[in-house]
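Hi,

Here is the structure I promised to pass on.

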Amino acid sequence: MVADVVKAVLGAVASARKSLAAKHPKLPKGRPSTPAAKQAARTKKRLEAQRAALFTSRYLFVQRHLNKTERKTLWRVSRGWPQLRVLRAIMEQVYALFDRRCRTQTALDKLAKLRRRVQRFPALGDTLKKLFAPTLEKALTFLDDTLLPSTSNAVERGNRRYRKMQRNVYRVRTQVQICARLALDMWREAQAEGRQQTLQTLHEARAG
């Protein structure tokens, strides 16, 4: 879910760069000699510099934590683009939804507040439509369970292991074996921390 929002925000920054490229004035061939040509050359140079700055600092719009220097850089490159500053503020609220220090109900209250804020900016509706997906509420249920990971990477790894086993051993496709496999994966995840501590102790003893 966060990856989809990050992709949408970066797409909005790319659209801003394209709009700057479309604003470039057409210059006659040769060095500008008239006052109007010189003004057009300065405008083109300023727009090119702003476009390059947006491209170089595009990661600042989606980075989770920003220090003081990075915030100054973000404020400078987004000058004249209030919608990009709004997207950055909304991105911080999205990260706050998945904060482990919150409970599910607190995150749902934050989500309702975030959706009301997005609705005040109709131009951002298509960019942040993922925030109105019905599955987002379900994605926040992990906050009430310390054993559930914040991402599905561990689940996907377990599924890949199980699918590989199914290609070789047909009996693991039965319902009993599927339930047993799920229980085994849950037990392995619960014992992972203790297993890592044991291995670290053995390595330290061997090194000593």
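Which residues have the most contacts inside the largest nonpolar core? In this predicted model, they are I90, L128 and L131, and the core has 37 residues. Two or more residues come from each of α1 (2-22), α2 (35-56), α3 (68-77), α4 and α5. Of these, α4 gives the most to the core, with 8 residues. For background, nonpolar side chains in soluble globular proteins tend to be buried together.

Leaving aside residues up to four places away in sequence, L128 touches V5, V9, L87, I90 and V118.

Next, the helix pair. Helix α4 covers residues 82-97 and helix α5 covers residues 104-119; their axes come within 9 Å and cross at roughly 160 degrees. Angles over 145 degrees count as roughly antiparallel, so that is how α4 sits relative to α5. The crossing of the two is left-handed. On the α4 side, the contact is made by A89, I90, Q93, V94, A96 and L97, while α5 brings A107, K110, L111, L114, R117 and V118. Sorted by type, the residues of this contact are 9 nonpolar, 1 polar and 2 charged.

Last, a tryptophan to look at. W75 is found in helix α3. Is W75 buried or exposed? W75 counts as exposed because its relative accessibility is 53%, and the cut-off for exposed is over 50%. The C-alpha atoms of W75 and R85 are separated by 7.9 Å, with the two residues 10 apart along the chain.

Cheers

How values were computed:
Residues are numbered from 1 along each chain as its sequence is written. This is a predicted model: local features need pLDDT of at least 70, side-chain atom pairs count only at pLDDT 80 or more; totals for chains, interfaces and linings use all residues. Side-chain values use heavy atoms; hydrogens and water are left out. Axes are lines fitted to C-alpha atoms, for helices over the stretch in contact, and angles run from 0 to 180 degrees between N-to-C directions. Helices (H or I, at least four residues) and strands (E, at least two) are DSSP runs, numbered from the N terminus. Angles under 35 degrees count as roughly parallel, over 145 as roughly antiparallel, 65 to 115 as roughly perpendicular and the rest as oblique. A crossing is left-handed if the near helix is turned anticlockwise from the far one by less than a right angle, and right-handed if clockwise. Contact means heavy atoms within 4.5 Å. Ala, Val, Leu, Ile, Met, Phe, Trp, Tyr, Cys and Pro count as nonpolar, Asp, Glu, Lys and Arg as charged, and the others, Gly among them, as polar. A nonpolar core is a set of buried Ala, Val, Leu, Ile, Met, Phe, Trp, Tyr and Cys residues joined through side-chain atoms within 4.5 Å. Buried means under 20% relative accessible area, exposed over 50%, partly exposed in between (1.4 Å probe, protein chains only).
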